[in-house]
Amino acid sequence: MKDSQATNYSERVLPHWSAVLPVLVIPPISYLTLLPFSSEAGLVLGVTLSLGVLAAIWFAAPQIAIDEQHLEVGSATLPRKFIGNVELIPASQAFVERGVNLSPAAYASFQASVKTMVKVEVTDPEDPTPYWLFSTRNGAEIKKLLS
């Protein structure tokens, strides 16, 4: 997004909270692994690794931003003048849309634990991408903003 333009919508599509529960086992595993050598080192390494994994999860999560001129999903930008039909994909249809119905030329950004998605038609005649398909927790709001 351009800094001079106000963002109408912004979302970081983080995984469900339960997806980070396995991170909680890193400190005890590190502690027990390094216990014969140094219990303090095991504890410090475990906490450091856990924080690193949580930071990686945060920064790897795709971001969605909408302003008056653009739609951004991850690192891709689509001018709003090339946005056609906007469709909300319910959780019940997400598997099919991500699988057999997915065009190889489509731009896709998925978060596995976020089941609702938005499908945005690309009307740019010079763009070979037929549509964008991306995960979001606020599909209805995105559809309202883009329609």
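# Legends to the close-up views

**View 1. Residue A60 lies in helix α2, which spans residues 39–60.** This is a predicted model, in which local features need pLDDT of at least 70 and side-chain atom pairs count only at pLDDT 80 or more, whereas totals for chains, interfaces and linings use all residues. Residues are numbered from 1 along each chain as its sequence is written, and side-chain values use heavy atoms, with hydrogens and water left out. Helices (H or I, at least four residues) and strands (E, at least two) are DSSP runs, numbered from the N terminus. A60 counts as exposed, because its relative accessibility is 64%. The terms of exposure are buried for under 20% relative accessible area, exposed for over 50%, and partly exposed in between, computed with a 1.4 Å probe on protein chains only. Between the C-alpha atoms of A60 and P28 the distance in space is 25 Å, and the two residues are 32 apart in sequence.

**View 2. Residues Y31, L32, L35, L43, V47, L51 and L54 make a nonpolar surface patch of about 630 Å².** Two or more residues of the nonpolar patch come from each of α1 (26–34) and α2. Helix α2 gives the most, with four residues. L32 is found in helix α1 and is exposed, its relative accessible area being 58%. Patches are made of residues with over 30% relative accessible area and no salt bridge; like charges are joined within 9 Å, and nonpolar side chains (Val, Leu, Ile, Met, Phe, Trp, Tyr) within 5 Å. Accessible areas come from the Shrake-Rupley method with a 1.4 Å probe, and for residues only the protein chains shown count as cover.

**View 3. An open sheet of four antiparallel strands has the order β1-β2-β3-β4.** Its edge strands, each pairing on one side only, are β1 (7–12) and β4 (76–79). From one strand to the next the twist averages 10°. Two strands pair if DSSP finds at least two bridges between them. Strand β3 (residues 70–73) is joined by four bridges to β4, and the two run antiparallel; E72 has T77 of β4 as its bridge partner. Across β1, β2 (63–67) and β3 lies helix α4 (residues 139–146), which runs at about 150° to β1. Axes are lines fitted to C-alpha atoms, for helices over the stretch in contact, and angles run from 0 to 180 degrees between N-to-C directions.

View 4. Contact means heavy atoms within 4.5 Å.

**View 5. Strand β7 (residues 117–122) is largely enclosed by the rest of the structure, because five of its six residues are buried.** Five bridges join β7 to strand β5 (residues 83–89), and these strands run antiparallel. Within this pairing, V86 has V120 of β7 as its bridge partner. The pairing of β7 with strand β8 (residues 131–135) is likewise antiparallel and extends over five bridges. M117 stands opposite S135 in β8, and V118 has F134 of β8 as its bridge partner. In a regular strand the side chains alternate between the two faces of the sheet.

**View 6. The side chains of K119 and E97 meet in a salt bridge, at 3.2 Å from N to O.** This pair links distant parts of the chain, with K119 in strand β7 and E97 in helix α3, 22 residues apart. A salt bridge is a side-chain nitrogen of Lys or Arg within 4 Å of a carboxyl oxygen of Asp or Glu. By this rule the count comes to one salt bridge. Side chains of opposite charge can pair when their charged atoms come close. Helix α3 spans residues 91–98 and holds E97, a residue that counts as buried because its relative accessibility is 8%. Neighbours within four places in sequence being left aside, E97 is in contact with I89, L102, M117, K119 and L133.
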